[in-house]
Amino acid sequence: KETKLWGGRFEESVTDAVERFTESISYDKQLYKHDIMGSRAHASMLAHQGLMSDSDRDSILQGLDKIEKQIEAGKFVWRTDREDVHMNIEAALTDLIGEPAKKLHTARSRNDQVLTDFRLWCRDAIDAILSFIKRLQVSLVTLAEKNEGLIVPGYTHMQRAQPVLLQHLLLAYVEQLERDAGRLLDCRVRLNFCPLGACALAGTGLPIDRFMTSKALGFTAPLRNSIDAVSDRDFVLEFLSANSIIAIHLSRIGEEWVMWASEEFGFLTPSDSVSTGSSIMPQKKNPDPMELVRGKSARVVGDLVSLLVLCKGLPHAYNRDLQEDKEPVFDSVKTIIGMLEVSAEFAQNITFNQERIKKALPAGHLDATTLADYLVKKASHYPWLAHCFYLPGGVPFRTSHDIVGRAVGCCVSKNCQLQDLSLDELRSINPVFEKDVYEFLGVENSIKKFCSYGSTGAECVASQLEYWISKLNID
Ligand code: ARG
């Protein structure tokens with residue numbers, strides 16, 4: 001057996017079970033690129049500070065280049081007995097270039113090294129997720145553009161509530177995704193500080209320049225406190241929290257689309273390219289991708305919870321428990337990217353069933369609130385009415401709510417819609433109704449009345465759409 005890089009004081013080698021149990025190479029090899037990046041910056045700094053010769057630095061840099069190429073060509077042999085990505089690369093470098101490699105770990109510990117790698121990895125992962133968020137936003141805005149003017153029932157408590165433009169709903173998803181992106185960007189700013197040179201926990205007496213490595217690696221600055229630098233995992237907690245919120249958002253879109261694809265709703269049809277079938281029921285065409293988007297949100301939340309529990313109560317500074325921080329992060333990132341990608345593809349491959357939706361619109365008195373608003377506005381044009389309600393300017397909303405509630409009651413007993421009630425019937429409930437009431441009834445009329453900022457009326461929605469088209473650079 002090869003002597004471990006830390007093997008000096010040991011008289012026995014570790015058992016196979018311990019070796020298998022403590023290794024992290026099986027998954028942390030994903031960090032290789034960032035590990036090599038960190039080592040390059042570190043070696044250059046050590047040479048600059050006179051802690052190694054320029055020729056040692058050069059052979060280290062050349063060796064690292066070779067190792068990176070081998071890894072990328074799939075020719076590098078990852079060894080479990082070399083424990084983790086850091087020691088695999090360092091030991092391979094020693095095999096390759098000999099003595100100079102032994103200088104690389106000067107003023108560095110795996111504790112600050114792993115965090116340097118991990119922060120760099122997370123920074124790239126955030127950038128990748130941001131581009132997938134944008135891709136989904138573009139797909140949603142494009143879908144909205146294709147469905148101009150389509151009115152759908154809006155629901156609260158899953159009961160018919162008010163009419164909304166489909167575009168309005170799709171742009172609501174886009175807004176949520178924009179905040180998701182904002183959370184990731186915030187996290188990226190806080191994450192982008194450099195732990196390298198904090199060493200095991202106490203820093204070092206060697207004359208290193210942490211500002212130099214920090215700058216070379218694109219960090220804002222070195223972390224101020226070496227104990228904090230090797231202890232902190234809140235950057236990943238924050239990252240996975242942001243991912244969890246994305247996952248929750250996507251799960252809600254998933255749920256909506258799965259429901260809308262059902263026979264009962266029939267509001268949308270996914271194309272065959274984003275559907276799957278049943279092994280027993282020949283007729284089935286299922287919206288599985290969005291069901292899995294809903295389902296995989298559980299993993300992403302689970303990853304966050306794993307990390308939260310992992311960090312709870314851990315004393316400062318490094319504890320080996322912290323090796324367990326990587327898999328949840330890798331899983332969360334992989335899952336979130338898959339969810340975003342598939343949601344975008346789904347959005348590009350669904351058709352809204354205009355006829356079916358149109359047929360569904362008359363049910364549920366979606367125009368009732370518009371009618372209540374009519375009364376509020378109506379009376380304000382007729383000051384004498386204000387007098388009979390003992391209030392200046394308009395039927396008080398509570399009163400109009402009650403009046404319209406009775407009108408709805410009337411519809412329920414006659415099994416009809418508000419617009420089917422005659423003016424006499426309406427006036428028998430309250431004389432405030434006039435002939436122009438019919439301009440407010442029916443979903444088409446009703447939706448035209450929504451005109452205040454952020455509402456679902458055509459003009460408000462058109463200006464939202466315009467905003468997103470220019471913000472997302474869609475042509
Ligand atoms: N593989 C370790 C991890 O991921 C690297 C740091 C190990 N440090 C140590 N002192 N054993 O946490």
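The largest nonpolar core of this predicted model comprises 97 residues, of which L93, C122, L140, L170, V174, W257 and I336 touch the most other members. A nonpolar core is here a set of buried Ala, Val, Leu, Ile, Met, Phe, Trp, Tyr and Cys residues joined through C-beta atoms within 7 Å. A residue is termed buried if 20 or more other C-beta atoms lie within 10 Å of its own, exposed if 12 or fewer, and partly exposed in between, with C-beta atoms placed from the backbone. Helix α6 gives the most to this core, with 15 residues. Helices (H or I, at least four residues) and strands (E, at least two) are DSSP runs, numbered from the N terminus. Leaving aside neighbours within four places in sequence, L140 is in contact with L170, Y173, V174 and A347; contact requires C-beta atoms, placed from the backbone, within 7 Å. A second, separate core of 16 residues includes A368, Y374, V395 and F440. In soluble globular proteins, nonpolar side chains tend to be buried together.

Residues are numbered from 1 along each chain as its sequence is written. As the model is predicted, local features need pLDDT of at least 70 and side-chain atom pairs count only at pLDDT 80 or more, whereas totals for chains, interfaces and linings use all residues.

The annotation "domain: Fumarate lyase N-terminal" covers residues 8-302, a span that is 60% helix and 7% strand and whose end C-alpha atoms lie 40 Å apart. The annotation "domain: Argininosuccinate lyase C-terminal" covers residues 394-448. Over residues 394-448 the chain is 56% helix and 0% strand, with 21 Å between the end C-alpha atoms. UniProt positions are given in the numbering used here, feature names are shortened, and annotations may be inferred rather than shown by experiment.

The ligand is surrounded by S24, D28, D84, R110, N111, V114, Y318, R320, L322 and Q323. A residue is counted as near a molecule if its C-beta atom, placed from the backbone, lies within 6 Å of it. Helix α6 (residues 110-146) gives the most to this shell, with three residues. By class, the shell has three nonpolar, three polar and four charged residues; Ala, Val, Leu, Ile, Met, Phe, Trp, Tyr, Cys and Pro count as nonpolar, Asp, Glu, Lys and Arg as charged, and the others, Gly among them, as polar.

Helix α3 (residues 32-48) has 17 residues and reaches 24 Å from its first C-alpha to its last, close to the 24 Å expected at 1.5 Å a residue. The expected span of a helix is 1.5 Å times one less than its number of residues. Because 12 of the 17 residues of α3 are buried, the helix is largely enclosed by the rest of the structure. The buried residues are Y32, H34, D35, I36, M37, G38, S39, A41, H42, A43, M45 and L46. Their cover includes α4 (54-72), α5 (85-97), α6 and α8 (210-216). Just after α3, G50 takes a positive phi of about 75°.

Helix α11 has 24 residues and reaches 35 Å from its first C-alpha to its last, close to the 34 Å expected at 1.5 Å a residue. Its buried residues are P289, M290, V293, R294, K296, S297, V300, D303, L304 and L307, and they pack against α10 (234-260) and α12 (326-348). C311 also lies in α11 (residues 288-311). With 19 C-beta neighbours inside 10 Å, C311 counts as partly exposed. Residues up to four places away in sequence not being counted, C311 touches R233 and L237. The C-alpha atoms of C311 and D321, 10 residues apart along the chain, are separated by 8.3 Å.

Just after α11, G313 takes a positive phi of about 75°. A cis peptide bond, with omega about 10°, joins H316 and A317, and A317 is placed in the loop between α11 and α12. Positive phi also occurs in residues other than glycine: phi of A107 is near 55°, as is that of N473. A107 is located in the loop between α5 and α6 and is buried, with 21 other C-beta atoms within 10 Å. N473 lies in the segment after α19 (458-471) and is exposed, with 8 other C-beta atoms within 10 Å.

Note on methods
Two residues are in contact if their C-beta atoms, placed from the backbone, lie within 7 Å.
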